[in-house]
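Visitor: I have a structure open and would like to go through it. Can we start from the top?

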Amino acid sequence: MANFISDLLNLCYPLVCAACGNGLFQGESVICTHCLYHLPKTNFHLQEGNPVEKQFWGKVPVFAATALYYFNKGQRVQHLIHRLKYQGDKEVGSFTGRYLGLELLKSTRYQDVTHVIPVPLHESKKRLRGYNQSDFFGEGIAESMRIPFIPDFLIRQQATSSQTRKARYSRFENMNRMFVLNEKYETQKPHFLLVDDVITTGSTLASCAETLLLTPDSRVSLATIAYARL
Ligand SMILES: [Zn+2]
């Protein structure tokens, strides 16, 4: 019944742009042509030592890091993320992922990426929401770059209250416990691309990157849809 109603709504209302909400013209999908040209792109994939990379300096040796858009400039990127995260609009993730993937292929620092790995969601959140919004974005990048997307490469540990208490005294111990590597995967000299929807403090991405770097001879780069400056 729910499907029938949504089909009916799609027939009654024209499809709209996920960023500005205006109707899409024929040949456009997900984001309208005007937004594609005017959304605030960071182009960080072309800039070594960009602000996202700087956030990890002295913390985790991240090889390269980028975000497709600035989060704070105007409402349209926020709208885009909201559509993906809370309204389950999977197409927003796939579309931005495919778009960024094509851009990354033009950058020498990303051309040799071997695997796309999403930041795993808390199981409780995933159950509630039914999906991990970063999966759609990661799948899109992997599709454009023609490399594997591995959603369960990292496993998020359930934090217990005793671990949370301990974490105040030993940050390193806490990081090792927050995520673990899935033992069923073996990789040779991998260059991981770790992906998430938005980067703010980068602390979750840092924990994930530290865990991925436990793989011998590995490198880790990062990509998100949006970058929220603090
Ligand atoms: Zn638009």
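Guide: What follows is a walk through this predicted model, from the overall make-up to single residues.

Visitor: How many helices and strands are in the protein chain?

Guide: The protein chain has 10 helices and 6 strands.

Visitor: And what share of the residues counts as buried?

Guide: Of the 230 residues in the protein chain, 37% count as buried.

Visitor: What about contacts, how much comes from residues 24 or more positions apart?

Guide: Taking contacts with a separation of 6 or more, 73% are between residues 24 or more positions apart.

Visitor: Now the sheet. What is the order of the strands?

Guide: The order is E1-E6-E5-E2, in an open sheet of 4 strands with parallel pairing.

Visitor: Which strands stand at the edges?

Guide: E1 and E2 do; each has a single partner strand, so one side of each has no neighbour in the sheet.

Visitor: How much are neighbouring strands turned against each other?

Guide: On average by 20°, with direction ignored.

Visitor: How many bridges join E5 to E6?

Guide: There are 8 bridges between E5 and E6, and the two strands run parallel. One of the facing pairs is phenylalanine 192 opposite valine 220 in E6.

Visitor: And over how many bridges do E2 and E5 pair?

Guide: E2 and E5 pair over 4 bridges, also in the parallel sense. Valine 116 stands opposite leucine 193 in E5, and isoleucine 117 has leucine 194 in E5 as its bridge partner.

Visitor: Is E5 mostly covered or mostly open?

Guide: Mostly covered: 8 of the 9 residues in E5 are buried.

Visitor: Which strands does H10 lie across?

Guide: H10 lies across E2, E5 and E6, and runs at about 170° to E5.

Visitor: Next topic, the largest nonpolar core. Which residues touch the most other members?

Guide: Of its 56 residues, those are Ala67, Ile141, Leu193, Leu194 and Ala226.

Visitor: Which elements give two or more residues to this core?

Guide: The strands are E1 (65-70), E2 (115-118), E5 (191-199) and E6 (219-227). The helices are H4 (76-85), H5 (90-104), H7 (133-145) and H10 (203-212). E6 gives the largest share, 6 residues.

Visitor: Why does this core lie between domain 1 and domain 2?

Guide: Because domain 1 (1-38) and domain 2 (40-227) both give residues to this core.

Visitor: Now some loops. Where is threonine 215?

Guide: Threonine 215 sits in the loop between H10 and E6. Not counting residues up to four places away in sequence, threonine 215 touches Leu181, Thr187 and Pro190. The C-alpha atoms of threonine 215 and proline 190 are separated by 8.2 Å, and the two residues are 25 apart along the chain.

Visitor: Why does threonine 215 count as partly exposed?

Guide: Because threonine 215 has 18 C-beta neighbours inside 10 Å, while a buried residue needs 20 or more and an exposed one has 12 or fewer.

Visitor: And the loop between H1 and H2, where does glycine 21 come in?

Guide: Glycine 21 has its place in that loop, between helix H1 (2-12) and helix H2 (33-38). With 13 C-beta neighbours inside 10 Å, glycine 21 counts as partly exposed. Its C-alpha atom is separated by 8.8 Å from that of histidine 79, 58 residues apart along the chain.

Visitor: What about valine 30, buried or exposed?

Guide: Valine 30 lies in the loop between H1 and H2 too, but counts as buried, with 23 C-beta neighbours inside 10 Å. Phi of valine 30 is near 65°, a positive value in a residue other than glycine.

Visitor: What is phi of asparagine 43 near?

Guide: Phi of asparagine 43 is near 55°, which is again positive in a residue other than glycine. Asparagine 43 is in the loop between H2 and helix H3 (51-54), and counts as exposed because it has 12 C-beta neighbours inside 10 Å.

Note on methods: Residues numbered from 1 in each chain as written. Predicted model: local features only at pLDDT ≥ 70, side-chain atom pairs only at ≥ 80, totals over all residues. Core = buried A, V, L, I, M, F, W, Y, C linked by C-beta atoms within 7 Å. Domains from an automatic or database assignment. Pairing = 2+ DSSP bridges. Axes fitted to C-alpha atoms, helices over the stretch in contact; angles between N-to-C directions. Contact = placed C-beta atoms within 7 Å.
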